[in-house]
Amino acid sequence: MTKEKVWIFGCGDLGTRLALKLDRKAYDVFGVRRNPLQALSRKRRADVVNWRRGDATKPEDIQRHLSNGADIVIATFTPGASSPQAYQRAYVETATAMRTALAAMETPPRLFLWISSTRVYGQSGDQWLDERSQPLPGSYQGEALLSAEKIAQSSVTETCVVRFAGIYGPGRDRLLSQVRAGRCAPPSPPQFSNRIHVDDAVGFLAHLIEGQKKGMALEKLYIGADCTPVPMYELQSWLAKSMGYTSAHLREEVATSERRSKKMSNKRMLDSGYEMLYPDYRAGYSTLLEND
C-alpha cells in the first residue's frame, strides 16, 4: 500500500499529536517549521514527523517542499506575539502564500485543512452560534483569522476550515494555574467559555482525513468544541473544588477589557459521525487532574 504524504505547516504540539494519531502504515507525515530544532528538543515523541525547515510566508519555500508530492496539506499556525503585525504574518501572509503554492502544483492535494479559531466570533450576547452564524470579529485577532480563512477557502484544492474553541489538555494548563493562584472570572454577569480537549481536536482532524479518504463529503467549515459551554466562574469553581480548595480560595476576580461570551454549537461536528472522547469539561479536566 502506497503511503499518503501529509504536510503540516506550522507543525507544533497539535501537529505532532496528529502525527502520532495517524496510522504510520498509511501516512508519512512531514512537519514544516522555521526552526525544527525547537520541536525536536521537546519531550514529546517527535520521531513520527519528518521535520523540514521552511518559512510558510514564502510561496517558494512551500512549493519546494510540496514538489515532492502531497496528498493532504494542513496549516496550523500560531502568532509569535500578541500584535496586529504578528497575527497578519501568522495567518494572512501564510494563507496567501499557501494559496499561491497550491495553485502552482501539477497535482494538488486531495485535502487542505486550515486550522482557525472561534475567536472570529466577537459576539457577547450569550447566544448559541454555529457555522451558519455570521462571524463578527471584535478584535484584530479575529479579523486576521477571518481574513485568512477567506483566502484559504479560495484555494484551488478542496479546503476545509476548522474553527477550534479553546484547546486544553496536557501542557495546556493555564486555567489550572490561574485557579491554583486563586484567580477567577467575575461570577456575574456569566461569561460563557467554550473548550475542547486536545485529544478531541486531534481526533476530529484525523476523523476528517480518514472520512474523506473513504468517500465522506466534508463541509467547508466546522466548529470544533465540546458539548457543554460553561460560565467561566462555574468552571473555575468546579476546578477549585476538584483540586481540594475551599470556596474562599477564589479570591481575586480578574475582569477582562472585553466580554466575549457565547455558546458554540458542535452539532455539525457530531453529525459528521465523530464521537467525543471528552464531551464536557468535567470529563476532560478530571483526566488532567488525575494525571497532575
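This is a predicted model: local features need pLDDT of at least 70, side-chain atom pairs count only at pLDDT 80 or more; totals for chains, interfaces and linings use all residues.
Contact here means heavy atoms within 4.5 Å. Two packed helices are described by the angle between their axes and the distance between the axes.

**Helices H4 and H5**
- H4 spans residues 84–103 and H5 spans residues 140–153; their axes lie 8 Å apart at an angle of about 5 degrees.
- Because angles under 35 degrees count as roughly parallel, H4 is roughly parallel to H5.
- On the H4 side, the contact is made by Pro 84, Tyr 87, Tyr 91, Val 92, Ala 95, Thr 96 and Arg 99.
- H5 meets them with Tyr 140, Gln 141, Ala 144, Leu 145, Ser 147, Ala 148, Ile 151 and Ala 152.
- By type, the residues of this H4–H5 contact are eleven nonpolar, three polar and one charged.

**Helices H8 and H10**
- H8 (residues 232–242) packs with H10 (residues 281–290) at about 35 degrees, and their axes are 11 Å apart.
- The crossing of H8 past H10 is right-handed.
- Glu 234, Leu 235, Trp 238, Leu 239 and Ser 242 of H8 meet Tyr 281, Arg 282, Tyr 285, Ser 286 and Leu 289 of H10.
- Six nonpolar, two polar and two charged residues make up this H8–H10 contact.

**The second largest pocket**
- This pocket has a volume of about 190 Å³.
- Its lining residues include Asp 130, Glu 131, Arg 132, Met 216, Tyr 222 and Ser 265.
- Helix H9 (residues 267–271) supplies the largest share of the lining, three residues.
- Seven charged residues line the pocket, together with three nonpolar and two polar ones.

Terms used
Residues are numbered from 1 along each chain as its sequence is written. Side-chain values use heavy atoms; hydrogens and water are left out. Axes are lines fitted to C-alpha atoms, for helices over the stretch in contact, and angles run from 0 to 180 degrees between N-to-C directions. Helices (H or I, at least four residues) and strands (E, at least two) are DSSP runs, numbered from the N terminus. A crossing is left-handed if the near helix is turned anticlockwise from the far one by less than a right angle, and right-handed if clockwise. Ala, Val, Leu, Ile, Met, Phe, Trp, Tyr, Cys and Pro count as nonpolar, Asp, Glu, Lys and Arg as charged, and the others, Gly among them, as polar. On a 1 Å grid over the protein atoms alone, a cavity is a set of points where a 1.4 Å probe fits but cannot get out, and a pocket is an open set with protein on both sides within 12 Å along at least five of seven lines; lining residues have an atom within 4 Å of a point. Grid points are joined across faces, edges and corners, and a volume is the space filled by probe spheres set on the points. Angles under 35 degrees count as roughly parallel, over 145 as roughly antiparallel, 65 to 115 as roughly perpendicular and the rest as oblique.
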